[in-house]
Amino acid sequence: MSDVALELASITKLFGRTRALSSATFAARHGTVHALLGENGAGKTTLMRIAFGMIRPDSGTIRIDGVGRVFASPSDAIGAGIGMVHQHFTLVPAMTVAENIALGGHGIMNPARIRAMIAELAERTGLSMDPDARIEDLPAGAQQRVEILKALSRDTRILILDEPTAVLTRMEARELLVRARDLVSHGGTAILITHKLRDALEFADDVTVLRRGATVWSGAVSDATEETLVSAMLGGERVRAESVAGVAASNPRSATPVMSLTNVSVRDTLGVERVKSATVAVRAGEILGVAAVEGNGQRELLRLLAGRMTADSGEVAIPPVVGFIPEDRQRDALVEDFSLRDNVALLGAGLRSGMMRWGEAREQTRELISNYDVRARDESLHARALSGGNQQKLVVGREIEGSRTALVAENPSRGLDVQATAAVHARIQAARDAGMAVVIYSSDLDEVLALANRVVVMYNGRAREVPLEHEVIGRAMVGLDLE
Amino acid sequence: MTGSMAFVIDMLVHATPLILAGLAVAIAFRAGIWNIGADGQLVAGATAAAWVGISVSASIGWLALPLALIAGAIAGAFWAAIAAWLRSRFGVLEVISTIMLNFIATYGVSYLVRGPLQEPTHVYPQTSDIAIGAHMPTLVDGTRLHWGFVIAIAMAVVTWWVMRYTVAGFRVRASGVNPFAARSAGLIDVPRVTMAAFIVSGAMAGLAGAIEVCGVTFALYENISPGYGYTAIAVALLAGLNPLGVIGTGILFGALETAAGTLQRNVGIPVTTASVIEAAIILVVIAIARIRQSRAASAA
């Protein structure tokens with residue numbers, strides 16, 4: 001038996017005229033965690049979808065344990081011992097854990113046997129789950145575990161995880177990566193598609209770096225440093241990530257707030273008070289950071305400030321148009337089946353009437369494409385055709401140019417690579433410097449600290465301003481300073 | 001008149017209600033509203049138009065026609081508004097409520113033409129003929145082809161123009177494709193926009209019924225609609241929900257139904273053959289759309 005569990009040799013794949021992969025190579029050894037690194041659009045997911053039989057390569061060879069294989073569909077790949085956990089969940093929300101795991105099986109469903117299998121899997125992997133829990137009631141981290149259990153339930157020896165930590169909190173992500181290490185200690189192979197360098201350096205044994213569809217670096221983690229991997233990922237282009245750090249605190253700020261909440265409360269549909277008598281003011285020329293652990297009312301606070309939600313009590317004073325960058329851009333910011341021009345025209349369409357000014361929208365879109373470095377052929381392209389980073393650049397540009405006074409950003413760098421993140425941050429800072437009042441929330445505290453002039457912590461629905469210190473904010477986020 | 005000329009005339013007469021009802025379906029579907037009730041709305045429109053047509057005094061002359069058409073559109077809008085209200089007030093899915101309202105409309109007409117609106121001799125289950133002033137003028141003398149066909153074409157063009165060039169149309173499209181982004185990025189009042197589109201959809205179907213009464217039947221009777229509202233779903237889907245496309249697909253289905261009638265009379269091939277062909281066309285079109293979609297998706 002070969003030492004290599006999965007080998008992909010000179011894989012080429014064209015989508016139309018776009019070359020997604022050009023002679024990419026990849027080899028993951030038995031008993032290792034292998035990180036597949038690369039920027040958004042580097043071809044990581046495409047390469048692994050080929051390994052999983054979802055996409056057929058134009059040329060190249062797939063070898064499992066040294067034997068050449070051709071996969072016509074994922075079921076062939078599953079038969080060969082490959083499992084894949086996709087970036088976006090593929091579970092049926094209304095079904096239970098057991099039912100979801102049984103999906104895709106054959107023959108008659110035997111609840112007792114599925115239970116036994118889940119119990120056995122849980123014991124083997126340490127991923128315990130209540131088989132009767134409904135998916136829709138589970139938090140994202142638990143859903144991810146179900147996905148993994150599902151992938152492992154079919155004698156999987158090679159497990160591919162596509163950006164598994166994107167939807168998880170930091171703690172959940174750590175736990176998941178520790179589990180991945182456990183899995184390979186039994187001789188399996190885990191492949192981790194990621195653009196997070198630290199995850200790769202900390203948890204992987206080997207690393208392969210893709211850039212523009214080609215393998216540019218491959219080797220053991222012990223031979224790699226952060227610098228070598230970054231320069232492999234980004235190539236000759238300069239890394240601009242440093243520009244994020246070190247915000248000058250001396251910005252011209254006016255005294256009167258642009259956005260303010262006074263004793264504002266909001267209840268959700270179940271009557272639970274999500275925001276409790278919050279008082280927040282944001283002035284022109286400053287970035288107010290919001291720090292919070294998931295589910296402490298920050299989602300509602302941001303939407304109040306952005307005018308996307310109405311308060312149950314208290315006073316909300318905001319400009320008529322507030323730019324809003326929601327965390328789920330594909331759901332809340334863009335109509336993916338519309339052209340870029342239509343997506344630009346969408347901004348504030350509910351406030352206008354009469355005729356569409358298509359010529360104007362076309363001009364605006366062209367300006368956004370060039371001024372905000374959106375990599376798109378032209379404005380008639382569908383939003384779906386853009387990579388996540390380019391979609392976000394368009395949204396950021398549209399929202400900043402559309403308001404020019406106030407901007408609310410929620411996890412603005414979610415799912416973006418290093419360069420796109422730097423570009424988005426630079427834009428937000430430029431908006432602040434141009435005198436906009438900006439609010440930014442990120443589940444990554446470092447991102448908040450890198451950008452904010454002041455920080456408000458949301459804990460259990462209450463908003464408090466705290467000093468700009470990592471330690472202090474961290475304690476406030478979990479309510480430790482209240483004891 | 002030659003046979004082929006007669007066929008073309010019949011085809012266009014058949015196409016008229018299909019184009020209008022197809023537009024009704026296209027408008028609703030574009031807004032993300034699954035209005036399966038074009039048939040009921042069409043029947044409601046036909047009923048109102050017939051009622052106006054038999055009630056008006058002959059002295060108002062040609063004014064009877066616009067009155068009847070407007071009454072039909074309002075009745076169709078009202079029939080759709082019931083489903084819209086059930087949806088926004090109680091969350092009743094329009095797929096279910098509109099089907100139920102179809103039955104109510106169909107059997108409601110059965111009652112009316114045997115009861116309050118039955119012709120004076122009480123022999124036939126139908127109303128009296130509508131006033132001459134409410135008759136739709138013919139487009140080609142000596143044929144059944146009436147101005148309703150022109151109205152249908154005009155409505156298709158207007159709908160296309162509104163959808164493409166006005167903010168109102170854009171709101172409907174955005175709300176239908178992605179209500180979340182429409183609300184969050186577009187600040188669009190999505191429930192309001194979609195309900196408005198639903199009601200306009202009903203008005204269009206109601207107009208189809210009114211034109212059928214004023215241009216073809218001149219009276220209300222049972223089975224005034226041989227399922228126009230259902231065929232309209234096929235008409236709209238085959239056109240890709242494009243209002244201009246609906247003209248073409250409406251005429252295509254009009255031709256199919258005309259041919260089916262002719263074949264049955266002359267060769268004895270059952271009329272239902274046309275339904276089988278219609279269904280087959282729809283399946284093929286949906287399959288092609290799906291294949292294209294999955295190709296596009298795997299390319300993205």
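**Cores, chain contact and confidence in a predicted complex**

In this predicted model, B:Ala68 and B:Ala210 touch the most other members of the largest nonpolar core, which has 172 residues. A nonpolar core here is a set of buried Ala, Val, Leu, Ile, Met, Phe, Trp, Tyr and Cys residues joined through C-beta atoms within 7 Å; buried means that 20 or more other C-beta atoms, placed from the backbone, lie within 10 Å of the residue's own. With 16 residues, helix H8 (residues 190-217) of chain B gives the most to this core; helices are DSSP runs of H or I, at least four residues long, numbered from the N terminus. Another core, of 62 residues, lies apart from it and includes A:Phe26 and A:Val97.

Where the chains meet, chain A contributes 27 residues and chain B 19, contact being C-beta atoms, placed from the backbone, within 7 Å. On the side of chain B that touches chain A, H6(B) gives the most, with 5 residues. By class, this side has 12 nonpolar, 5 polar and 2 charged residues (nonpolar: Ala, Val, Leu, Ile, Met, Phe, Trp, Tyr, Cys and Pro; charged: Asp, Glu, Lys and Arg; polar: the others, Gly among them).

As for confidence, the predictor gives the complex an ipTM of 0.88 and a pTM of 0.72. The average pLDDT (the predictor's confidence in each residue, from 0 to 100) is 92 for chain B, with 98% of the residues scoring at least 70.

Residues are numbered from 1 along each chain as its sequence is written, with chains lettered from A and ligands numbered from 1 in the order in which they are written. Local features need pLDDT of at least 70 and side-chain atom pairs count only at pLDDT 80 or more, while totals for chains, interfaces and linings use all residues.

Technical notes
Buried ≥ 20, exposed ≤ 12 C-beta atoms within 10 Å, placed from the backbone. Helix = DSSP H or I, 4+ residues; strand = E, 2+ residues; numbered from the N terminus. Contact = placed C-beta atoms within 7 Å.
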